[in-house]
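This report goes through one structure in parts, from its domains to its helix contacts. Please keep the structure in view while reading.

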Amino acid sequence: MKLTNVSENELMLIRTYLYEQTGLAFVGSQWHFFKKRIIKRIEESKFSSIREYISFLKFDPRGKQELKDLYNLLTVNETYFFREKPQLEALVNIVLPEMIETKLSEKTNMKSIRIWSAASSNGSEPYSIAILLKEKGLLNKGVTFNIYGTDINTDVINSARAGFFSEPDLRNTPPELKEKYFTKKGNFYEINEEIKKMVSFSIVNLFSKTQTATLKNMDIIFCRNVLIYFDIESKKIVAKNLYDNLVPNGYLFLGMSDTLFKVTNLFLLKPLKGVMVYRKPGGGK
Ligand SMILES: C[S@@+](CC[C@H](N)C(=O)[O-])C[C@H]1O[C@@H](n2cnc3c(N)ncnc32)[C@H](O)[C@@H]1O
């Protein structure tokens with residue numbers, strides 16, 4: 001049903017509610033995107049007013065599911081394999097060889113490296129990491145790798161688990177890697193089983209302390225191209241959640257255009273051959 005008298009104030013109430021749950025701010029050009037999608041959602045539903053929809057969202061037992069559907073509708077999931085490659089190269093050429101050496105020199109039986117792609121979208125990012133680990137021969141150095149991919153959006157996590165990708169997802173993938181690690185099925189490319197098995201996916205809201213706490217003791221976190229959707233207050237909360245889940249001396253990779261400037265000074269900024277990465281100080285709790 002077409003909505004008449006769309007009130008900006010009522011739309012802002014929905015935005016505030018979502019903001020409280022996710023930290024996503026929907027400001028600037030994102031506000032227009034938000035409005036368009038919410039109005040369409042309400043018009044396609046049984047609700048005849050925004051007020052009625054808000055009350056359903058907040059107070060009806062089915063509102064929780066609607067909220068999850070809104071995450072799926074309102075998050076921007078753009079991603080592709082081997083995005084921002086210099087960072088991936090810094091990971092496999094500098095960070096991991098050093099980390100493997102350190103782990104091998106430690107007197108512990110548990111020699112594993114835990115990598116978390118926080119906001120992984122459809123899995124292109126953690127699967128790219130898995131492929132590079134294999135390509136660089138890092139999987140047979142005596143250290144086990146655990147790779148986790150998480151996102152707030154259930155659609156992209158289901159898609160990541162299924163492991164099917166489109167041509168645009170592979171636009172930055174060298175032809176030889178495409179040939180080696182994917183099988184063409186109709187219009188899609190299925191990732192090889194061996195790589196698929198290397199990544200575990202789950203739903204995690206980065207804004208939630210309890211949900212992020214399920215990913216403890218990470219050696220490396222990738223959190224790329226998502227901070228831009230948060231305001232400064234939400235960035236602070238997300239940065240602290242990431243910090244709490246990194247081991248001392250652990251690495252945090254942000255997107256090339258993301259920054260923690262004016263957000264937190266919990267991390268040390270470290271240049272690695274042209275790539276800036278954040279590090280949790282040694283001994284940091
Ligand atoms: C633009 S994609 C980036 C994907 C990948 N990291 C990359 O750089 O290619 C941003 C992802 O962040 C996710 N996201 C947004 N808000 C989130 C939140 N509060 N918690 C977890 N994931 C979130 C979105 O669902 C989306 O899949």
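## Domains

Domain bounds here come from an automatic or database domain assignment. For this chain, the assignment gives domain 1 (8-74) and domain 2 (85-279). The model is a predicted one: local features need pLDDT of at least 70, side-chain atom pairs count only at pLDDT 80 or more, and totals for chains, interfaces and linings use all residues. Residues are numbered from 1 along each chain as its sequence is written.

The C-alpha centres of domain 1 and domain 2 are 30 Å apart. Two residues are in contact if their C-beta atoms, placed from the backbone, lie within 7 Å. On this basis, nine residues of domain 1 are in contact with 12 residues of domain 2. Helix α4 (residues 63-74) supplies three residues, the largest share of the side of domain 1 that touches domain 2. Helices (H or I, at least four residues) are DSSP runs, numbered from the N terminus. That side of domain 1 has four nonpolar, four polar and one charged residues. Ala, Val, Leu, Ile, Met, Phe, Trp, Tyr, Cys and Pro count as nonpolar, Asp, Glu, Lys and Arg as charged, and the others, Gly among them, as polar.

## The ligand

Where does the ligand lie relative to domain 1 and domain 2? Both domain 1 (8-74) and domain 2 (85-279) give residues to the shell around the ligand, so the ligand lies between them. There are 25 residues around the ligand, and Thr 75, Thr 79, Ala 119, Ser 121 and Ile 152 come nearest. A residue is near a molecule if its C-beta atom, placed from the backbone, lies within 6 Å of it. By class, the shell consists of nine nonpolar, 11 polar and five charged residues.

Two packed helices are described by the angle between their axes and the distance between the axes. The axes are lines fitted to C-alpha atoms, for helices over the stretch in contact, and angles run from 0 to 180 degrees between N-to-C directions. Helix α1 (residues 8-22) packs with helix α3 (residues 50-59) at an angle of about 20°, and their axes are 9 Å apart. α1 and α3 are therefore roughly parallel to each other. Angles under 35 degrees count as roughly parallel, over 145 as roughly antiparallel, 65 to 115 as roughly perpendicular and the rest as oblique. In this contact, Glu 10, Leu 11, Leu 13, Ile 14 and Tyr 17 of α1 meet Ile 50, Arg 51, Ile 54, Leu 57 and Lys 58 of α3. These residues divide into seven nonpolar, no polar and three charged.

The axes of α3 and α4 come within 6 Å and cross at roughly 110°. That makes α3 roughly perpendicular to α4. Here Phe 56, Leu 57, Lys 58 and Phe 59 of α3 meet Gly 63, Glu 66 and Leu 67 of α4.

## Helices α5 and α6

Helix α5 (residues 85-105) and helix α6 (residues 124-135) have axes that come within 10 Å and cross at roughly 40°. α5 and α6 are therefore oblique to each other. Leu 88, Leu 91 and Val 92 of α5 make the contact with Ser 128, Ile 129, Leu 132 and Leu 133 of α6. By class, the contact has six nonpolar, one polar and no charged residues.

Conventions: Helix = DSSP H or I, 4+ residues; strand = E, 2+ residues; numbered from the N terminus.
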